[in-house]
Amino acid sequence: EGPDVIDIRSLYGQSKMFTYDPGFVSTASCKSAITFIDGDQGILLYRGYPIEQLATRCDFMEVSYLLLRGELPTSTQKEQFVNAVKHHTMLHEQLIKFLSGFRRDAHPMAVMVGVVGALSAFYHDAMDVSDTLHREQSMLRLIAKLPTITAIAYKYNIGQPFVYPRNNLDFTENFLHMMFATPTEKYVPNPVIVRALDRILILHADHEQNASTSTVRLAGSSGANPFACISAGITCLWGPAHGGANEACLNMLEEIGDVSRINEYIERAKDKDDPFRLMGFGHRVYKNFDPRATLMRETCHEVLDELGLHNDRLFKLALELEKIALEDDYFIEKKLYPNVDFYSGIVQRALGIPTSMFTAIFATARTVGWVAQWNEMISDPEQKIGRPRQLYVGPPHRNIPDDHGRS
Ligand code: ACO
């Protein structure tokens, strides 16, 4: 801070103390009862339940219910919830026309930002965010329609006809059906593949106040409708430092190409003059193994075994890269471990999902966490409009010169 800064702040009576915390590394923006993370110990709990138990003993619909309602459902509650979600899987034909106005080669995330935001134009009841029933309706719509929008964005991109939802399938089977069925070929679900995608959805469903969730909360704090807020969350998620990391990670593995070139890239990641970072490594909160990465690596083995791809070039490369990085002093000292995105890209690629769709799949999963967090915020009597302060470092108070515009 220079003297000018002090001058102008005292001039306008800004004598209050603010915390200067770039990136909010130590500022809690809210109270939340949804997700707990202990980054030093590598612990992740949804509503108190460890992610390892949820990922192995529950399905995505049960986890969604848990995140939204706070408890795991009984079988009757689950049936009612699943049916309520199924009720909303279709998209308005006008919305499909809207989606079809994009360029075919548009990035799916660009399409998602637009189409999810455009849901606001169809559901006027969503504007009243103070009404609990309207909020509930909007949350179900978002959870149900995201897979449909994601799948349609994919089909549009590859020039295939859209596949409509089949409500006799479960949530994840239906998602795979909409992505992979064609007019000539029915999608036949493989339980290992369905389970793998379901696990990806569970592991990405919520992660407390990450950048995109904080974006959703900040947008929602003004009373904006939930479709617009989730569209803002999708925008934030798109960045390569956040949800775009799994796409960036796979592109990086392709670029490395061969085990013999790993050291070259490790050295680049350590070089402060080189902007290159090892994608899929490091996390703001986890300074120990990301528990989701451990589960994802397990799923990776299961899927590659099932599909007979254990010799997959990129998977072998990823395993070797992980081994070398974990033994490197730089990565040890900075506590950089593989995060969930390190393996989720390889799994998705094995499932036949193209790289450009990875972040859209992440957005589909995270929608549940976003709406749960949004609803928690709206229901909180202490909730205020989000309004961070700043430390002003611009010019001091000055007057426009008398000869302005004349010289
Ligand atoms: N490769 C090389 N160096 C790294 C990496 C990396 N992947 N990640 C962090 N570092 C270094 C930084 O250069 C910094 O070094 P310094 O202390 O010498 O300045 C130090 O480790 C701390 O890193 P920060 O960027 O300050 O940590 P932050 O918490 O802000 O960043 C982030 C976390 C953004 C995830 C970072 O680790 C990163 O960019 N990783 C690669 C992208 C990625 O995988 N993102 C996915 C995150 S998980 C998710 O969104 C689901």
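Here is a short tour of the model, stop by stop, with something to select at each one.

**Before you start.** What you have open is a predicted model, where local features need pLDDT of at least 70, side-chain atom pairs count only at pLDDT 80 or more, and totals for chains, interfaces and linings use all residues. Residue numbers start from 1 along each chain as its sequence is written.

**The whole chain.** Show the cartoon: you get 18 helices and 3 strands, where helices (H or I, at least four residues) and strands (E, at least two) are DSSP runs numbered from the N terminus. Along the principal axes, the C-alpha atoms fill a box of roughly 75 × 55 × 50 Å. Buried residues make up 41% of the 407. Here, buried means 20 or more other C-beta atoms within 10 Å of a residue's own, exposed means 12 or fewer, and partly exposed is in between, with C-beta atoms placed from the backbone.

Tyr46 stands opposite Tyr49 in E3.

**The ligand.** Next, pick the ligand and the 19 residues around it, of which Ala245, Arg277, Phe281, Gly282 and Arg284 come nearest. A residue is near if its C-beta atom, placed from the backbone, lies within 6 Å. The shell divides into 8 nonpolar, 7 polar and 4 charged residues. Nonpolar covers Ala, Val, Leu, Ile, Met, Phe, Trp, Tyr, Cys and Pro; charged covers Asp, Glu, Lys and Arg; the others, Gly among them, count as polar.

**Helix H17.** Select 340-350: 11 of the 11 residues in H17 are buried. The buried residues pack against H9, H12, H14, H15 and H18, with contact meaning C-beta atoms, placed from the backbone, within 7 Å. After the helix, click Gly352, whose phi is positive, near 95°.

**Last stop, Ile324.** This residue lies in H15. Ile324 is partly exposed, because 15 other C-beta atoms lie within 10 Å. Not counting residues up to four places away in sequence, Ile324 touches Ile262 and Ile266. Ile262 is 62 residues apart from Ile324 along the chain, yet their C-alpha atoms are separated by 8.2 Å.

How values were computed. Contact = placed C-beta atoms within 7 Å. Pairing = 2+ DSSP bridges.
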